[in-house]
Amino acid sequence: MSGIEANFDGLVGMTHHYAGLSNGNQASMNHQGRESNPRKAALQGLMKMKALSDMGFVQGVFPPQQRPNVPALRQLGFTGTDEQVLKKAAQYSPLLLSNLSSASSMWAANAATVSPSADSADRRVHFTVANLNNKLHRSLESTTTSRVLKVTFPDQRHFVHHDPLPQHADWGDEGAANHNRFCGEYDGAGIQLFVYGRKALQEGIAPNHYPARQTLEASQAIARLHLLEDKCTVFAQQNPVAIDSGVFHNDVIAVSNRHVFFCHQQAFLNQQAVLDELREKMARFGQSLIAIEVPAEQVTIQDAVESYLFNSQLLSQPDGNMMLILPEECRQHHKVSAYLQALVAKGNTPINKLHFFDLRESMRNGGGPACLRLRVVLNEQELAAVNPATLMTPELYQRLTVWVDRHYRDSLYASDLTDPQLLREVYSALDELTQILNLGSIYEFQN
């Protein structure tokens, strides 16, 4: 066995709603105030997980977080029973309650940055939980994310868990959504590409309209924590024009798998220099980079943002070729669909298959297939050390779909977040889920 790249997807939470909380994420902002369907959202995500598992990929599940976040509201001075806390918070600020009820942990690409044991000096898999400090609703996730990662990857002989970086804008870290890895075989040494939006401690250019959430300094800190050598890392700045066009994370403009880099022509500042450095460092390991740069004249940055072309999963097939896991929006977008069909028809790249998934509930809140998953490269011994209850099987899929159908609502507005019955539904559902996934007491209401 030459190692595998497992995908751990976030399960959509019961308070999935459209609040437009993410400035810079155009889909999130454009759907503010609309009706959501948490049940459909969760089932759409589960169908993708099941499909990839059926294809032979190792697929895991991360649970949703406890929302509404009553402990955080109590920390802000709201008192009384849990129901009274929700009512007082809503009276004070519906926007605050919406932030503290967000189901955004579903986008597991932001959970952490992961370095495989093949790259780390101590030959262990390293996880650094993202601090996500650019957005209030996401900055509250790290404590539970840390608990989830530690019970999913519990064996300290194989796994190292790092705390989030300091909660300050200079150390803004958005996790694996700004991280790619290049290699030959998964369990061989690779090159890690850290993508940042701005420099915090030195002069540099930055976007003008939307925030650059990841800093160079945060990326450098993670590389140090993960015991990565300089010869194995590349730091690249995202194109500020792309960020101002709605590319809030690198995974909205680029995706990699092994030696293949699928990216937009305008993804990076000084893009040719970035590709040259990747090629040079990969050559030291006897590997050649295949860069598939999508020309702006065929697919504009705005086309990419509208369709989430690059927020796809690029996966290896047994025959060595690769497939793209894409949102249905890519098939419906005329220019993007035409590009993809031509890409496969030409047959001059490793990408020879396209799979489209309906993830509309997630897409309307600003996250596609790649947002929903955290990639974790594992060797045989490390895979055996993963909490087996979190790995997708036909039996687990059946249990989770029954669980969703029983507990989730099929309609939710932000105004529904004050409903005390919703809070009771969440607590009951999450208590059951911890037993299904063998997670222990990861939620505060259980302590």
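Mentor: Let's start with His 161, which you will find in strand β5. Helices here are DSSP runs of H or I with at least four residues, strands are runs of E with at least two, and both are numbered from the N terminus. You are looking at a predicted model, where local features need pLDDT of at least 70, side-chain atom pairs count only at pLDDT 80 or more, and totals for chains, interfaces and linings use all residues. Residue numbers start from 1 along each chain as its sequence is written, and side-chain values use heavy atoms, leaving out hydrogens and water.

Buried means under 20% relative accessible area, exposed means over 50%, and partly exposed is in between, using a 1.4 Å probe and protein chains only. Along the chain, His 161 and Ser 146 are 15 residues apart, and their C-alpha atoms are separated by 7.8 Å. If we set aside neighbours within four places in sequence, His 161 is in contact (heavy atoms within 4.5 Å) with Phe 127, Leu 149, Lys 150 and Phe 153.

Two of those names, Phe 127 and Phe 153, lead us to some rings: Phe 8, Phe 62, Phe 127, Phe 153 and Phe 159 are linked into a cluster by ring pairs. Rings of Phe, Tyr and Trp (its six-membered ring) pair if their centres lie within 6.5 Å; planes under 30 degrees apart are stacked, those over 60 are edge-to-face, and the rest are tilted. By that rule, there are 11 aromatic pairs. Take Phe 8 and Phe 153: their ring centres are 5.0 Å apart and their planes meet at 65 degrees, so this pair is edge-to-face. The pair joins distant parts of the chain, since Phe 8 sits in strand β1 (residues 4–10) and Phe 153 in the loop between α7 (142–152) and β5 (159–162), 145 residues apart. Both Phe 8 and Phe 153 are buried.

Now move to helix α8 (residues 216–225), where 7 of the 10 residues are buried. Those buried residues are Leu 216, Glu 217, Ala 218, Ser 219, Ala 221, Ile 222 and Ala 223. Their cover includes β3 (112–115), β4 (125–129), β7 (191–196) and β8 (233–237).

Just after α8 comes Leu 227, with a positive phi of about 60 degrees. Leu 227 belongs to the loop between α8 and β8, and its relative accessibility of 37% makes it partly exposed. Most residues other than glycine have a negative phi, and most peptide bonds are trans. Tyr 308 also has a phi near 60 degrees; it lies in the loop between α11 (301–307) and β12 (313–316). Tyr 308 counts as buried, at 3% relative accessibility. As for peptide bonds, the one from Arg 67 to Pro 68 is cis, with omega near 0 degrees, and Pro 68 is in the loop between β2 (59–62) and α3 (70–75).

One more stop: how do helices α2 and α16 pack? The axes of α2 (residues 38–54) and α16 come within 10 Å and cross at roughly 175 degrees. Axes are lines fitted to C-alpha atoms, for helices over the stretch in contact, and angles run from 0 to 180 degrees between N-to-C directions. The two helices, α2 and α16, are therefore roughly antiparallel; angles under 35 degrees count as roughly parallel, over 145 as roughly antiparallel, 65 to 115 as roughly perpendicular and the rest as oblique. From α2, the contact uses Arg 39, Ala 42, Leu 43, Leu 46, Met 47 and Lys 50, and from α16 it uses Pro 394, Tyr 397, Leu 400, Thr 401, Val 404 and Asp 405. By class, this contact of α2 with α16 has 8 nonpolar, 1 polar and 3 charged residues. Here Ala, Val, Leu, Ile, Met, Phe, Trp, Tyr, Cys and Pro count as nonpolar, Asp, Glu, Lys and Arg as charged, and the others, Gly among them, as polar. Within that list, look for Lys 50, which lies over the face of Tyr 397, at 5.5 Å from the ring centre. A charge sits over a ring if NZ of Lys or CZ of Arg is within 6 Å of the ring centre and within 35 degrees of the ring normal.
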